[in-house]
Amino acid sequence: MKRSPQDTEASARKITRRGLFLGGLQVSFAAMLVGRMRYMQVEQADEYRDLAEENRVKFSLLPPARGLIYDRNGVLIAGNEQNYRIVIVREDADDPEAVLNRLRKIVWLDDADIKRTLDEMRRRSAFVPVTVADRVAWEDVAEVAVNAPALPGITAEVGLSRSYPRADDFAHVIGYVGPVSDYDLSKLEDPDPLLQIPRFQIGKSGVEAKMELDLRGSAGTREVEVNAVGREMRELGREEGRAGDNIQLTVDADLQAYVQARLAGESAAAVVMDTQTGDVLAIGSAPTFDPNKFVRGISSKDYSALLNDKYRPLAAKPAQGTYPPGSTFKMVTALAALEEGVIDPGETVKCWGHVEVHKRRFHCWKRGGHGPVDLAKSLRESCDIYYYDIAQRVGIEKIAEMARKLGLGERHDLPLSAIAQGLIPTKAWKREARGADWVIGDSLNAGIGQGFVLASPLQLTVMTARLATGQAISPRLVRSVNGVETPVRNDGPLEISTSNLNAIREGMYEVVNARRGTAGRSKIVGDDLRMAGKTGTSQVRNITAAERARGVFRNEDLPWERRDHALFVCYAPHDNPRYAVTVVVEHGGGGSTAAAPIARDVMLQAFYQGKPPLEAYPANQRGTIQTRQRDIEEMLEMPHDERVKAAEGRA
Amino acid sequence: MSYLEYNVKTVPTGLRKVLYLNWSLVLLLIAVASVGFLMLFSVAGGKMDPWAMAQMKRFALGMFLMFVIAMIPIWFWRNMAGVGYLLSLVLLVLVEVMGSVGMGAQRWIDLGFMRLQPSELMKITLVMMLAAYYDWLDIKKVSRPLWVLVPVILIMLPTFLVLRQPDLGTSILLVTGGGVIMFLAGVSLWYFGAVIASGVGLVTSVFLSRGTEWQLLKNYQYRRIDTFLDPSSDPLGAGYHITQSKIALGSGGWTGRGFMQGTQSRLNFLPEKHTDFIFTTLAEEFGFLGGASLLTLYVLILIFCAVSAFQNKDRFSSLLILGISVTFFLFFAVNMSMVMGLAPVVGVPLPMVSYGGSAMLILLVGFGLVQSAHVHRARQK
């Protein structure tokens, strides 16, 4: 429409005025945007850059190789084995179900495996590898590789898993590894992030558990760039971890294998210790089990079979099991009495088969009595009356003191799952633990290693070694960690007079070598290899008066659980001790018949570092010995899993 | 002024018009679009496909359109304003009735060679319509209630239709753009005071109506507002966009991480990295300097438009130029506020830079009108 020039001018002026105002607003807003941008990009830049890095970079841990465990001669006991698993990547497999069905023709898979794999694939992103089969044999892996074109998306991955080539020989020593449980994590204050890695395994028992921190090593890291959905785009950096420390044990794998084979069929424990260094050369526990089964995941059937076995295969008897030491304790009582001067080695005590103390009758194992008994005879023939007498004279406190000096009642520091403390009773202990006063009968029982006294085979071995050498030697199970030698622990000479020690040693020598010695049948022939020892037969029940009257205490007539424990402690050579051996056969009957022969075989095996010559045995036993040697050789040649069955057969 | 008056003053004719184009504005538009090509090349991982090449073709088409429109006298466009407005309105109703479904909203008509968003077209035709209205209206009547009601209805009709689609971003642009033309045309400030007051009332009622049967916005729009107010409330859901966008922007620093070195966009942490959030890639790769440079180009475009508008004595031309420049301003102001976490995510592209045909073509059509007004303005001999 037609407008007057004045109107036009007015309109233009108004538009300019308001336009300028609006332009001002726009420019201010732009300036505000610049300010905001400056604040974010300059003041807060570092913060945002960190966030961007956090987005972009993912760290993943590389599990280190677990330290290896060797025996004293460098034989591998625990190693790492390559373990193949077959994985599938969804985005590479056009039709996962069809691919899996083709895979089934090569690798054994059941319907549950297929279902689990398909389920997991649906849940995870398309590029995440899903495990189809674990612990696949190398042959199968090779075949999968050959058929790769028909199996898109299928690849084999390799990982390390623990393996125990010596299988059941070392089950109780090195234990086994297993996956990290919530319970394991709850015990740790600041768990190593490694433990969160899926499939990571840690020591569950034995050396594997106790030396976990040495064996584990430290994690490596891998830095990768990931995109928004988590796919790895490239590797930015990689730092290899430090492998775990290798551990060398003091144990001799061949001797250990022999001990296990020799004990097979019994519920028993045996310890061989070097008397000079304290090195534990063998520490056997029977029956045993295959730790490899635990690493792979033991079936509940196998596990409950182990749990329900009355021979308790899972228990580590040498260090964890405690037994009344019986007559093997008599050296302690005698030495305490000698040191206190309450008795002289030549002094005799009359044994009538029993003794009356405070109207209670205490019996000797020999009903007819031993007649006059001096120290040597008391040990040789294991007279109980003699010890009832001297135990009363010297008192429990001195006996306990001597027991401790010899390494009883002490938890020896070995990297094993459970180290029993045993029990050396005192008056104070009884008052505290039982709420009752010490009575004289307690001293009598303790004097012959019965009553409250409890000791583990390991402790008895330490005691024997200390008696043999007069040195306060302590046991050692780990020889070196990563090449660094573990020091031998010898606290110097025991404060016991040599003549008293010699008197005890003489008695122990006679036990094996004298005509009437309780272990006379287990002597070693050959002047340079004479053995000194002591039998023990410890009751696990009270013999009732009625039984005594009937004369029924033949072990064979009793159910297994109520039979006596058979014990034998020994060292050899008697004049220059090198090895101390303890054998405990649970409910084995008499120490002289069940334990001493085993101890002699083990001792000879240790000496000859292999099969001993038959000449070391008394001539009239060589036939039986030869048969037994052949049996054991055959057994050692068998694969481990068959050995277990063979042992069951023998039992 | 009518075309009769143009004849008495100097108005270029024929091909001489090309010399009278606002070439500075053309160069600025090419510069801004080039920034867009560069960023689209970068977010595609250093490839012309799929975005940069397509965008260049569309830009070429848009520039051609701009020149054609610029050659046609401005009074022709003024006379076409009513037709354009009605056509846009009909198309808006059409998408409401039969539009194809995409992105959870019905927004476009498929023309075969491109998808036409009538709401985009409306941004220009509404400005034209209002400018023509105020050119026609007697200046003395501008603030009379009845004559104020007419443009309000003209604005509210398309706004209502766009809001139903639902497209909150465009609705805001339409209302604000229309309101600004009314303001420039000289409508009494009292009206604006009243509108602002009722706007506050409206916001209050929007929030109060939430969850009732009468709620004024869709649930997803409420959720966008929620996440805008507190992005950390939903870091992996809706807040993810804002959070990742801020991280990308902030991590750029002064000079950026370098061309094609932006980890946020290259590794796909950025949502819609080639469309609404392309500014974050620019800010990540070229830093504060890059972002501020683009903003400077935008402000220069505004300034050149304003100068052109103030030089023009024709009421329709002035209002049109300023209206289009304000629309342009609203595009980048809303988009940048959004990616910097100052405004909720409403889906407004970065003008001339974001990948997308409709928005770029419409803006170039708008600048074609600006050029036409510039070329055909009356000049003193």
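Modeller: Of the 381 residues in chain B, 49% count as buried (20 or more other C-beta atoms within 10 Å of a residue's own; exposed is 12 or fewer, partly exposed in between; C-beta atoms are placed from the backbone). This is a predicted model: local features need pLDDT of at least 70, side-chain atom pairs count only at pLDDT 80 or more, and totals for chains, interfaces and linings use all residues. Residues are numbered from 1 along each chain as its sequence is written, with chains lettered from A and ligands numbered from 1 in the order written.

Biologist: How many helices and strands in chain B?
Modeller: Chain B has 14 helices and four strands. These are DSSP runs numbered from the N terminus: H or I of at least four residues for helices, E of at least two for strands.

Biologist: What share of its contacts comes from residues 24 or more positions apart?
Modeller: 70% of the chain B contacts with a separation of 6 or more. Contact means C-beta atoms, placed from the backbone, within 7 Å.

Biologist: Now the interface. How many residues of chain A are in contact with chain B?
Modeller: 39, against 42 residues of chain B. On the chain A side, helices H1 (5–43) and H2 (45–56) each give two or more residues. H1(A) gives the most, with 24 residues.

Biologist: Switching topic: where does Leu76(A) lie?
Modeller: In strand S3 (residues 76–89) of chain A. Leaving aside neighbours within four places in sequence, Leu76(A) is in contact with Leu68(A), Tyr70(A) and Pro165(A).

Biologist: Why does Leu76(A) count as partly exposed?
Modeller: Because Leu76(A) has 15 C-beta neighbours inside 10 Å.

Note on methods:
Contact = placed C-beta atoms within 7 Å.
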